[in-house]
Amino acid sequence: DNPIVAIVGRPNVGKSTLFNKIVGKRISIVDNLPGVTRDRIYADAEWLNRGFTLIDTGGIEVDVKNEIHQQVKYQAEVAINTADVIIFLVDAKEGLTPSDQEVAELLRRSAKPIILAANKVDNFNDIPEGIYDFFALGFGEPVMISSALGLNIGDLLDRVVERF
Ligand code: GDP
Ligand code: MG
């Protein structure tokens, strides 16, 4: 069976954008609204001839009455239970938030390989200061990417497939 790679992170960091960029099609719905029904959150993808199944955990449906932070925690737990490799996505423009810390706390208890990626670095000549705060999450140096512009996605995927 294909290894499973899950994209985890609080809402709006760019999980669906990254998912679509890796899969090469617009399957996952990109939006800013919590609780919207998404029908496609799984897709097969390939990098360096290594096939894998990618999951956009932001599309996992949770009771819409739940608080956002409960949804994110639930989604992180699903990822921990099902994934072979987890991409923990944060937003370099926003910087470190308490929600990122909550997700990190859950992920730290997992034995799964976790790759921290800082999204929305759209200009590598102008790296946001806040990027250094992400080291405190305990997952090492974040891979800086721009999902929207498709920058450094290959670097990220190199790190993913080497953990299979
Ligand atoms: P999700 O909630 O984590 O799935 O995030 P989305 O993929 O829906 O993206 C949330 C917002 O961030 C959307 O407005 C995206 O267009 C925007 N976004 C995603 N990736 C990038 C990026 O690399 N750079 C910038 N500037 N915006 C991005
Ligand atoms: Mg999404």
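Start with Lys-120. Lys-120 sits in the loop between strand 5 (114-119) and strand 6 (143-144). Strands here are DSSP runs of E, at least two residues; helices are runs of H or I, at least four; both are numbered from the N terminus. Lys-120 is not a glycine, yet its phi is positive, about 75 degrees. Buried or exposed, this Lys-120? Lys-120 counts as buried, with 20 C-beta neighbours inside 10 Å. The cut-offs: buried is 20 or more other C-beta atoms within 10 Å of the residue's own, exposed is 12 or fewer, partly exposed is in between, with C-beta atoms placed from the backbone.

A word on the model. This is a predicted model: local features need pLDDT of at least 70, side-chain atom pairs count only at pLDDT 80 or more, and totals for chains, interfaces and linings use all residues. Residues are numbered from 1 along each chain as its sequence is written, while chains are lettered from A and ligands numbered from 1 in the order written.

Now Asn-49. Asn-49 also has a positive phi, about 65 degrees, without being a glycine. Its loop lies between strand 2 (42-47) and strand 3 (50-56). Asn-49 is exposed, with 6 other C-beta atoms within 10 Å.

The whole protein next. There are 4 helices and 6 strands. From the N terminus, the order is β-α-β-β-α-β-α-β-β-α. Of the 164 residues, 38% are buried.

Last, ligand 1. Around ligand 1 there are 17 residues, each with its backbone-placed C-beta atom within 6 Å of the ligand. Gly-14, Lys-15, Ser-16, Thr-17 and Ala-148 come nearest. Helix 1 (residues 15-23) gives the most to this shell, 3 residues.
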